[in-house]
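Work through the exercises below with the sequence and the structure in view, and try each task before reading its solution.

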Amino acid sequence: MAGVLDGVRVLDLSWGVAGPMATMLMADHGAQVTKIEPPGGDPFRGELGYRVWQRGKRSAVLDLKNPADRASFLALAAQADVLVESFSPGVTERLGIDYATLAKANPRLVYCSITAYGRGNKHSDRPGYDALVQARAGLQWEQRGWPEGAINHMAGVSDPFADIEIPYEWLQGAPRPGPLYPNSYWPSLGAFFAASTAISAALRAREITGRGQWVETSLLQGAFACGSGVWQRAEKIDVPMFNSWILGSRSPKGHFECSDGRWIHNWVPNPRFLLTASAGETLNSSPDLKAQNDPDRFGTGPEELLVMVHYQPLLAEAVKKFPAKEWVEAAAVAGMTIQDVRTPEEALADPLFVKDGCVTQIQDPELGPIRQVGVTYRMSKNPGTIGAPAPRLGEHTAAVKAEAAAAAKLPPQQARPGRKLGAPLEGVTVLDLGLAIAGPYGTQLLSDLGANVIKVNALYDTYWHSNHIAYMANRGKRSIALDLKDPRAMKVLLQLVEKADVVQHNMRYDAAERLKIDYESLKAINPKLIYCHTRGFETGPREGLPGNDQTGACLAGVQYEDGGMGDGGKPLWSFTSLGDTGNGFLSAISIIQALYHRDRTGEGQFCDTSIVNAQLLNTSYAVARPDGSGFERPRIDGMQLGRSATNRLYETQAGWLCLVLAREDEWQRFAAAMGLMADARFASAKVRAKNDLALAQLLEAKFKERPAAEWFAALDKAGVPCEVSDPSFSRGVHEDADFKKRGWVAEYPHPFVGKLNQIGLLFDLSDTPGRVQGPPLIVGQHSREILAELGYSPEQIEALCKDCVLVWSLKEGHRKVRSPWQPQAPAAATEKK
């Protein structure tokens with residue numbers, strides 16, 4: 001069986017992280033990807049991550065300023081299906097390879113631009129290095145969040161518990177105030193996920209319309225994806241159950257050091273398990289956890305911070321009694337969400353990952369056998385495969401030029417007959433049976449692309465959906481709330497399945513089998529159904545364990561790297577993580593590609609992915625030998641300031657400055673501006689690396705002499721890539737006229753919290769634009785209208801709403817449903833009783 005993108009021809013003119021990862025994903029799923037490199041090669045070709053991100057591709061060197069090479073490129077573009085580029089705005093026009101030019105010769109071309117900040121806004125011309133985007137967009141301040149918490153911060157409300165002293169050692173992040181420099185390339189990763197989703201949507205739309213289009217995203221929109229949880233702003237933050245302690249910097253996050261010096265993460269921290277399991281001389285993996293209304297259980301309200309402060313030293317002492325391995329094993333027996341924090345290299349050596357295929361081993365021509373992230377989503381009809389190792393510079397130039405010569409003789413591509421499409425997934429109905437964030441975020445993306453998403457809620461979901469975290473993954477959907485223990489409610493669900501195109505969920509699969517809503521059962525009702533299941537972990541022994549963003553980040557090495565643990569730091573669970581949401585992106589990508597396949601063949605299929613797969617992509621800058629030993633690569637320091645003296649944060653007299661000098665000419669301009677040209681210790685990149693600590697110490701003292709704003713003005717004028725790390729960006733994001741116009745932010749009234757501002761569209765499509773379809777759902781809000789669409793009469797709807805369907809209306813609120821369904825006893829037995 002061929003990959004879903006078999007026959008799709010891709011030209012890759014990108015560099016950095018986002019574009020190469022997006023084209024890698026296409027190559028993994030069957031596309032022919034040709035990387036077009038300038039003479040001398042991609043400037044980032046030496047990065048270790050390129051061993052991963054360039055796999056399965058061809059490399060051809062073409063000088064686009066040379067007439068002959070430019071003609072070859074134009075011949076290739078005239079026959080291509082997808083082009084991905086990451087030039088600064090305006091460069092493609094000057095080169096004559098912009099979308100408008102290429103689309104004239106090839107109207108079926110899907111042309112994807114990944115810029116730093118998008119076109120035509122006040123940020124567009126800023127340097128596009130990932131760390132600088134994080135600084136400018138304030139993402140470095142969001143790594144551990146704000147003392148008052150995200151919701152309070154966005155609303156301008158101060159910390160309600162500012163008078164409570166909480167030691168730094170109980171909290172995440174370096175023991176210092178200020179922004180943190182994570183090792184993860186969060187804006188680039190967000191742009192990678194967004195670009196991959198949008199390209200898939202544009203290819204699917206092309207099957208309907210017959211035409212390609214211009215797809216755009218940016219590292220800034222990638223940062224928006226990362227900030228979608230922390231950058232929500234609500235008018236009424238004190239409504240019951242909305243606010244929480246979770247996204248605040250002063251609440252402990254369940255990280256504990258064990259007796260062997262390794263760390264575990266228990267999320268959400270479970271005091272009853274930790275204290276009861278550790279009470280004896282040996283760890284008890286089966287303590288009594290059945291307490292009614294458990295007084296030790298943490299709630300979600302902001303006031304729970306006080307409870308956590310009480311428990312934190314007790315829990316730390318309890319965990320310290322036993323090694324990490326024993327805690328993980330005990331948690332597996334007890335069904336607790338605990339994993340140990342390990343390095344990316346340890347992750348790549350995990351035999352369970354290798355067996356699953358989410359880690360693969362290839363033979364690199366220079367490094368030998370290496371492990372790296374493998375196939376990250378699976379499709380039953382279109383299995384992905386990992387191709388050849390990353391090519392040598394220009395390895396395929398001759399073959400590609402010969403193809404170009406042959407292509408130049410072919411007739412130009414023509415738009416094919418099709419029909420107009422308002423959005424890429426217009427007319428597609430999706431049933432969302434997902435839980436928490438990892439499942440629902442993916443279907444929210446499908447809604448943004450035009451799908452009719454019906455959220456199938458349980459009757460008790462009102463608690464979760466009242467919380468601000470649920471709001472970030474459930475906008476633009478309609479909700480029907482069913483008690484699936486009642487056969488009448490189950491009948492409603494199966495009627496929805498008959499009419500649906502997609503079913504997506506992330507419940508345990510054995511639970512779906514018990515309910516008879518697994519793929520095989522539903523396929524019998526709807527053979528063309530696309531069914532997507534996502535998990536916390538890989539398939540195998542961990543498959544049935546409870547998993548989340550945090551456990552995935554532990555296993556894949558994200559928390560280790562972002563905390564600078566290789567240099568003495570502590571684990572960090574970033575508030576901008578792309579684990580749950582990355583899983584959502586992967587599920588959306590696989591579903592859209594399955595729709596693309598169904599449009600061409602009529603076949604439905606089963607798709608699956610996991611949170612840990614997304615986290616392995618987030619650490620895909622690392623590779624390892626089969627024994628788990630690694631290679632030299634950039635790492636951040638334990639104080640989470642940066643990777644080197646020339647790529648890090650500096651505290652100034654007032655504020656923080658972020659500096660990234662990736663090229664020698666950038667160093668030369670910086671050295672001239674700072675008076676360092678004559679210092680022999682820093683005369684070349686090689687000696688600078690040797691004297692990195694001395695340079696950092698010199699610059700630390702120097703930058704303290706002036707405020708960050710003054711340093712920025714002087715260095716920016718000198719052409720030095722730098723940004724002030726901006727703590728105020730998030731509070732202005734929803735007022736930015738450009739962002740509003742483009743739909744990058746969304747605003748709507750919400751019945752509970754009043755005016756609500758959220759992050760909007762993460763990609764722009766020129767011909768079939770996405771659209772935010774409405775505010776976050778209220779459980780049961782659309783139950784009546786969905787039942788009516790299925791053909792139920794008003795009387796039938798009323799009967800269902802009394803017994804097994806929850807409804808909500810603005811006038812009545814939630815209407816009470818009779819106690820959970822129990823089978824009716826036979827009449828004779830009732831009379832006898």
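**Exercise 1: the surroundings of N506**

N506 touches G434, L435, A438, G439, P440, H533 and T534, where residues up to four places away in sequence are not counted and contact means heavy atoms within 4.5 Å. This is a predicted model, in which local features need pLDDT of at least 70 and side-chain atom pairs count only at pLDDT 80 or more, while totals for chains, interfaces and linings use all residues. Residues are numbered from 1 along each chain as its sequence is written, and side-chain values use heavy atoms, with hydrogens and water left out.

Task: Find where N506 lies, and decide whether N506 is buried or exposed.

Solution: Begin with the chain, where N506 lies in the loop between β17 (502–505) and α20 (509–515); helices (H or I, at least four residues) and strands (E, at least two) are DSSP runs, numbered from the N terminus. Next take the relative accessible area of N506, which is 18%, and compare it with the classes: buried is under 20%, exposed is over 50%, and partly exposed is in between, with a 1.4 Å probe and protein chains only. N506 is therefore buried. Finally, look at the side chain of N506, which reaches the backbone nitrogen of L435 at 2.6 Å.

**Exercise 2: two helices**

Task: Work out how the axes of α1 and α8 are arranged, and which residues make the contact.

Solution: The axes of α1 (residues 18–28) and α8 (residues 186–209) come within 8 Å and cross at roughly 40 degrees; axes are lines fitted to C-alpha atoms, for helices over the stretch in contact, and angles run from 0 to 180 degrees between N-to-C directions. Angles under 35 degrees count as roughly parallel, over 145 as roughly antiparallel, 65 to 115 as roughly perpendicular and the rest as oblique, so α1 is oblique to α8. On the α1 side the contact is made by A18, M21, A22, L25 and M26, and on the α8 side by S188, L189, A191, F192, A195, S196 and I199.

**Exercise 3: backbone exceptions**

Task: Which residues does the cis peptide bond join, and what is phi of A436?

Solution: Start from the general rule that most residues other than glycine have a negative phi, and most peptide bonds are trans. The cis bond joins W267 and V268, with omega about -5 degrees, and V268 is in the loop between β9 (263–266) and α10 (271–277). A436 has a positive phi near 55 degrees, and at 41% relative accessibility A436 counts as partly exposed.

Methods:
Polar contact = N/O pair within 3.5 Å; in protein donor to acceptor, adjacent residues only side chain to side chain.
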